Amino acid sequence: MTARLVVAVDGPAAAGKGTLARALAEALGLPYLDTGLLYRGVGRRMLDAGLSPEADAGGEARALLPIDLARSDLRTPEVDRAASLVAAQPAVRAALLAFQRGFGAAHGAVLDGRDIGTVIFPDAPVKLFVTASVPARAERRWRQLNPGRNPDLGTLRVVAAELEARDRADAARAVAPLRAAADAVEIDSDRLDARGVLETALDIVKARGFAPGPHQRPSL
Ligand code: C5P
């Protein structure tokens, strides 16, 4: 018997989940899925159709195509808000569930999002919850959108307020709210650089009996 390795990486917006999840996937030889892109794709489709993201988005979620996830305009503040609004709808979450489970089921995977360890893979052998302070997250998000430039304080305050509003909405919704699974290990990325976060995560993976390289636990 071998156990497939699913690594759940959850946490609030711009905490460094994507950076960690991508690096972990690479180190472990596993596929990576950014599940936020699914909700962003649905939000984008609603906006493009001239619909409010608060209207029923189940149809757009069921119609989501790979090409919707490859667009370059999925990380605007407008899509941030639209994604969070459609993500609160049970019909949207239901439409995206099977794809996410299927992605990790066959060979294992690293997935990042808000509910990976609580809803999508509640039995994942490794669950990480990545956090960082609001100012650090605001700066990270701004730099992602404006590479090579330096933000001013007023701009950062606006970005911070938007992040906090989105986290509040994500944590307060009735269905699959943002929260750490009871068995998740929290990693505070304020105190570590990207390499330190990756090493901490790899230590947790090893402590669960999985080794980098071959990504399956050997038979007992
Ligand atoms: O991770 P990212 O910031 O791209 O996610 C965008 C939005 O999608 C989040 O604010 C959240 O509302 C939603 N989301 C979610 N569940 C996930 C991933 C993202 O509800 N697993």
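**Arg-137 and onwards**

Reply: Starting point: Arg-137 is buried, with a relative accessibility of 5%. Bear in mind that the model is predicted.

Me: Where does Arg-137 sit?

Reply: In helix 8, residues 134–145.

Me: And what does Arg-137 touch, beyond residues up to four places away in sequence?

Reply: Pro-12, Ala-13, Ala-14, Ala-15, Ala-132, Leu-163 and Asp-167.

Me: Take Ala-14 from that list. What is its phi?

Reply: Near 60 degrees, a positive value, and Ala-14 is not a glycine. Ala-14 belongs to the loop between strand 2 and helix 1 (17–28).

Me: Why does Ala-14 count as buried?

Reply: Because its relative accessibility is 7%, and the cut-off for buried is under 20%.

Me: Which other residue has a positive phi although it is not a glycine?

Reply: Ala-176, at about 45 degrees. Ala-176 is in the loop between helix 9 and strand 6 (185–188). Ala-176 is also buried, at 11% relative accessibility.

Me: Switching to strand 2. How many of its residues are buried?

Reply: Five of five, over residues 6–10.

Me: Which residues go on which side?

Reply: Val-6, Ala-8 and Asp-10 are on one side, Val-7 and Val-9 on the other. Both faces are covered.

Me: Which strands pair with strand 2?

Reply: Strand 4, residues 109–113, is joined to strand 2 by five bridges, and the two run parallel. Strand 5, residues 126–131, also pairs with strand 2 in the parallel sense, over four bridges.

Me: What stands opposite Val-9?

Reply: Asp-112 in strand 4. For Ala-8, the residue opposite is Lys-127 in strand 5.

Me: On to the ligand. Which of the 15 residues around it come nearest?

Reply: Arg-40, Arg-93, Arg-166, Asp-170 and Arg-173.

Me: Which polar distances can you give me for arginine side chains and ligand oxygens?

Reply: Arg-93 has a polar side-chain atom 2.8 Å from a ligand oxygen. For Arg-114, a side-chain N or O atom is 2.9 Å from a ligand oxygen. For Arg-173, the distance from a side-chain N or O atom to a ligand oxygen is 2.8 Å.

Me: How much of the ligand does the protein cover?

Reply: 98% of the 450 Å² of accessible area that the ligand has on its own.

Me: Back to Asp-170. Where is it?

Reply: In helix 9, residues 153–172.

Me: Buried or exposed?

Reply: Asp-170 is buried, with a relative accessible area of 4%.

Me: What does the side chain of Asp-170 have a polar contact with?

Reply: The side chain of Ser-84, at 2.8 Å.

Me: Which residues does Asp-170 contact, leaving aside neighbours within four places in sequence?

Reply: Ser-84, Arg-114, Pro-177 and Leu-178. Arg-114 came up at the ligand too, with its 2.9 Å distance to an oxygen.

Me: New topic, aromatics. How many aromatic pairs are there?

Reply: The count is one aromatic pair. Phe-99 and Phe-103 form it, at 6.2 Å centre to centre with 55 degrees between the planes, and the pair is tilted.

Me: Why tilted?

Reply: Because 55 degrees between the planes falls between the 30-degree limit for stacked and the 60-degree limit for edge-to-face.

Me: Last one, Val-42. Which helix?

Reply: Helix 2, residues 36–48. Val-42 is buried, with a relative accessible area of 0%.

Me: What is Val-42 in contact with, neighbours within four places in sequence aside?

Reply: Ala-57, Glu-60, Ala-61, Leu-64, Val-86, Val-92 and Leu-96.

Me: And how far is Val-42 from Ala-87?

Reply: 8.7 Å in space, C-alpha to C-alpha, and 45 residues in sequence.

Conventions
Residues are numbered from 1 along each chain as its sequence is written. This is a predicted model: local features need pLDDT of at least 70, side-chain atom pairs count only at pLDDT 80 or more; totals for chains, interfaces and linings use all residues. Side-chain values use heavy atoms; hydrogens and water are left out. Buried means under 20% relative accessible area, exposed over 50%, partly exposed in between (1.4 Å probe, protein chains only). Contact means heavy atoms within 4.5 Å. Rings of Phe, Tyr and Trp (its six-membered ring) pair if their centres lie within 6.5 Å; planes under 30 degrees apart count as stacked, over 60 as edge-to-face and the rest as tilted. A residue is near a molecule or strand if one of its heavy atoms lies within 4 Å of it. A polar contact is a pair of N or O atoms within 3.5 Å; within protein, one must be able to donate a hydrogen and the other to accept it, and residues adjacent in sequence count only if both atoms are side-chain atoms. Accessible areas come from the Shrake-Rupley method with a 1.4 Å probe; for residues, only the protein chains shown count as cover. Two strands pair if DSSP finds at least two bridges between them.
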